[in-house]
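Have your viewer open and follow along.

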Amino acid sequence: MIEFVNAKINIGLQIVRRREDGYHDLQTVFYPVGRYAGLPDNPEPFCDILEIIPAKEPGIRFHFKGKMIDCPEEKNLVCKAAGLFFEASESDSLALASSASASARGERGLEIILEKHLPDGAGMGGGSADASFTLRMLNELISQGYLTERGYLARQGASAGQGYSDEELAEMALRLGADCPFFIYNRPMYGCGVGEKLTDVKLDLTGYWLVVVKPDVYVSTRDAFAGVIPRPGNIDLRTIAEISITDWQDVVVNDFETSIFPKFPELARIKERLIRNGAVYASMTGSGSSIYGIYDDYEKAMVSREDFRGETTIEGTYLLKL
């Protein structure tokens, strides 16, 4: 089984309250991006590639290709997701390490291969998406009876032919990260709480184009939250589809920009350039550091993207069909 893993952007991000547990309540709209990358009308690649295949040896083996991220296996979200899934499924025949007893019983294992291309530290949820897609793919294999029929699972809470519901997977995904549940659904959604309370939002940006600029800047999530001042949202983001996109710029805001832009003025300059190049709306996504612009015309978007080409302070620029 193979899947192409997309990313997300935040359209508006309001930090409304600091909680007693030290976390913050927020309000945002998650929008999936990159789902059409690689297709004929948007041939530029912008996805991770995740593959799960059977293995002769028992246990789970992980292989990582593409962009190398300095992260030990035990902290990698794909590894955590697989371990969590089989733990939740009460499996005793698929462990993170092979065992002599499992081999003696003739049990087989799985290989999980991740080819990494999405930018990291971009505020686009690449790692979270990898984790949630791992859960979704393993769940699909259960739903198809694939794992149990081939001896990969001895027993599980979700029986063969009856995988977990999206709600159950989202609850599992939350243990891996606050924005992981979104990628279980992977459609436009309004998020509140720490981002895990999700409801559908009727927002369709079909026909628009997205330019993403990832500068050579790292913004610590901890530092981003430390500098923000919680306040009530200026608008109800659940009604965003009722507001013309041409009016978003003054009312749909990412509160992190207030604290992060003064520390990293180059991010503010990128946003200004995207708007100057014809974006109908531009914003930072998540806590950064990527800045995106939404364009109503492919030619404008392409020219804007080219405006950043070759700059040494820019890690990557991406042109995506929405």
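Helix α10 covers residues 265-276, 12 residues in total, and spans 17 Å from its first C-alpha to its last. That is close to the 16 Å expected at 1.5 Å a residue, where the expected span is 1.5 Å times one less than the number of residues. Helices here are DSSP runs of H or I with at least four residues, strands are runs of E with at least two, and both are numbered from the N terminus. Within α10, Leu267, Ala268, Ile270, Lys271, Arg273 and Leu274 are buried; buried means under 20% relative accessible area, exposed over 50%, and partly exposed in between, with a 1.4 Å probe and protein chains only. An α-helix has 3.6 residues a turn, so residues three or four places apart point the same way. After α10 comes glycine 278, with a positive phi near 110°.

A word on the model: it is predicted, local features need pLDDT of at least 70, side-chain atom pairs count only at pLDDT 80 or more, and totals for chains, interfaces and linings use all residues. Residues are numbered from 1 along each chain as its sequence is written, and side-chain values use heavy atoms, leaving out hydrogens and water.

Now to the strands, which pair if DSSP finds at least two bridges between them. β7 has antiparallel pairings with β3 and with β8.

| Strand pair | Bridges | A bridge partner pair |
|---|---|---|
| β3 (residues 24-33) and β7 (residues 189-192) | 3 bridges | valine 29 and tyrosine 190 |
| β7 and β8 (residues 197-200) | 4 bridges | glycine 191 and leucine 198 |

The β7 and β8 hairpin has 4 residues between its strands, and glycine 193 there takes a positive phi near 70°.

Next, look at phenylalanine 182 in helix α6. Is phenylalanine 182 buried or exposed? Its relative accessibility is 0%, so phenylalanine 182 counts as buried. Beyond neighbours within four places in sequence, its contacts (heavy atoms within 4.5 Å) are Lys8, Phe30, Tyr31, Pro32, Arg187, Met189 and Leu198. Proline 32 lies 150 residues away along the chain, yet the two C-alpha atoms are separated by 9.1 Å.

Finally, the nonpolar cores: sets of buried Ala, Val, Leu, Ile, Met, Phe, Trp, Tyr and Cys residues joined through side-chain atoms within 4.5 Å. The largest has 37 residues, and Phe85, Ile112 and Leu135 have the most contacts inside it. Helix α3 (126-143) is among the elements giving two or more residues to this core, and α3 supplies the largest share, 8 residues. A second, separate core of 30 residues includes Tyr190, Leu205, Ile240 and Leu322.
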